[in-house]
Amino acid sequence: MKIKKKLSFILIVFFFFEFTSSSLAASYYKDSTSQEATAQVSVGKAETTSSNDLIKIGEDLKDVFEKCGYAYQSDCVINALKTKGYTDQQVSSYRTRIGNAQADCGNGGYGVPCLGFVAIIGAIVSGDTNSFGGNANDYYSKQSISFGSYTYKRLNPKDPIIAGDIGASAMGSYGHILIVKSVDQASDYFIGLESNANGNCRVTDDIPRPIDRDLYAFFRKQ
Amino acid sequence: MGKNKILLFIKNIKVVVVIIFLLFVVFASLVIFLNKNSKEPEPPFPTPTLTVLPTISEQITQAVEKFKVIDTTPNDGQENVYAGETIVSFKTDLPIRSSSEFKIEINPSLPYYWKIDDAYPTTTITARIFGGLKQNTVYVVTVKNKQGNFVYFWSFKTSQETPESSSGYVREKEKEFIQKYYPLFDFTPYKTSSFVVAYSDKLTLKVTINNKNININIIKTEVNSWIRSKSVDPATHTINYVYGP
């Protein structure tokens with residue numbers, strides 16, 4: 001009698017585990033089939049990159065700032081720029097412009113707002129350390145932007161934009177300015193390379209925006 | 001015989017007395033035993049009987065209501081403060097547990113607005129200025145407690161320099177703009193094996209169909225269903241269907 005009871009207990013336990021494991025297997029199978037079914041569906045922004053002087057310098061600065069804890073005038077930043085192949089002249093332009101570009105902009109300490117970031121890039125690429133004065137809002141209504149030997153002309157509303165263009169917004173009191181890092185023409189959006197987009201004076205290169213001329217005016221290198 | 005009866009009576013009484021005594025002893029022992037077992041253990045610390053102490057939460061509440069400001073940004077009396085999207089903050093000697101436990105006011109009023117970081121508990125309350133401050137202006141910041149009683153105030157003066165940008169405010173306005181005119185922006189481009197959905201203008205979607213053999217009505221149903229799944233009414237959008245690669 002006791003043996004019979006033991007046997008039935010073992011059988012019950014066995015069937016319980018068998019049932020639950022097969023249920024789990026079935027649920028995994030459902031997941032895998034649903035993944036297969038949705039494998040050809042994708043949502044969201046895919047990044048496309050392009051080489052451009054402004055973009056390359058901007059990405060290098062982002063990398064160096066992050067590596068050196070945004071200590072803009074530190075030896076760490078200067079040496080890292082030299083390691084990346086920037087000439088003494090370019091590093092000197094950086095040093096000269098960075099001081100004027102810094103402001104107490106929301107992170108509890110000094111940082112580089114959007115216009116300052118573009119100004120530093122402009123100084124490194126052109127050697128002009130006096131460009132990009134005023135505020136970002138001013139650039140939204142300009143017909144052209146000049147620094148050193150570089151001139152960027154305003155695009156017509158119907159002109160498609162490309163990576164390396166400069167975008168300026170007039171929203172808010174003092175506006176915002178950025179460099180177009182990548183464009184998806186088919187999906188009508190772009191990703192900016194910019195500083196202070198999140199109000200903390202940090203450089204970002206992952207914010208997508210619709211290509212809408214009510215949001216930004218764009219400027220192209222001539 | 002009379003004497004014998006008396007003796008026998010006395011003897012019987014003695015026996016009864018002894019029995020009663022024994023019963024009493026047993027009963028008394030039982031009572032003592034039970035009483036001892038049912039006695040509650042004494043508390044390790046004497047409990048106050050006359051004084052009513054406040055609970056821990058009451059003590060904290062009383063303390064928070066008495067918090068002090070021990071540091072500020074910008075400093076009291078500071079001049080040439082950047083008039084852009086800077087921060088205004090204060091540190092307290094006691095942790096603040098929620099936004100209802102303090103009030104912060106600024107005068108004159110801001111051109112746009114500020115947002116207060118909402119991570120609690122904290123000993124640093126940070127207000128982020130969006131859109132910037134007025135140039136060359138003395139601002140007075142006042143901190144009050146939960147009851148609206150004055151705790152601290154300080155002042156600072158902004159510089160004459162024009163701020164470079166108002167990127168934080170621009171980004172906020174952009175988000176509002178995108179939510180209004182491109183409410184599906186975060187979900188586009190949406191690609192399936194049959195079609196791609198992307199914005200081509202404000203509230204205008206372009207659906208590119210890859211295969212001409214597919215019934216367009218099925219595609220339309222699927223697109224509308226996808227739009228509804230994002231809590232957006234398809235009727236709010238113009239949807240253009242085109243055939244493409």
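User: How much accessible surface does chain B have?
Analyst: About 15500 Å² in this predicted model. Carbon and sulfur atoms account for 58% of that accessible surface.

User: And what share of chain B is buried?
Analyst: Buried residues are 34% of the 245 in chain B.

User: How many helices and strands does chain B have?
Analyst: Chain B has four helices and twelve strands.

User: What about contacts in chain B, how many link residues 24 or more positions apart?
Analyst: Take the contacts with a separation of 6 or more. Of those, 59% join residues 24 or more positions apart.

User: Where does B:Ile6 sit?
Analyst: B:Ile6 is in helix α1 of chain B, which spans residues 2-37.

User: Is B:Ile6 buried or exposed?
Analyst: B:Ile6 counts as exposed, because its relative accessibility is 52% and the cut-off for exposed is over 50%.

User: New topic. Where is A:Asn135?
Analyst: A:Asn135 lies in a loop of chain A, between α5 (114-126) and α6 (136-140).

User: Why does A:Asn135 count as buried?
Analyst: Its relative accessibility is 8%. Buried means under 20%, so A:Asn135 qualifies.

User: What is A:Asn135 in contact with, leaving aside neighbours within four places in sequence?
Analyst: In chain A, A:Asn135 is in contact with A:Leu115 and A:Tyr174. In chain B, A:Asn135 is in contact with B:Thr162, B:Pro163, B:Glu164 and B:Ser165.

Notes. Residues numbered from 1 in each chain as written. Chains lettered and ligands numbered in written order. Predicted model: local features only at pLDDT ≥ 70, side-chain atom pairs only at ≥ 80, totals over all residues. Heavy atoms only, no water. Helix = DSSP H or I, 4+ residues; strand = E, 2+ residues; numbered from the N terminus. Buried < 20%, exposed > 50% of the residue type's maximum accessible area, 1.4 Å probe, protein only. Contact = heavy atoms within 4.5 Å. Areas by Shrake-Rupley, 256 points an atom, 1.4 Å probe, with all protein chains shown as cover.
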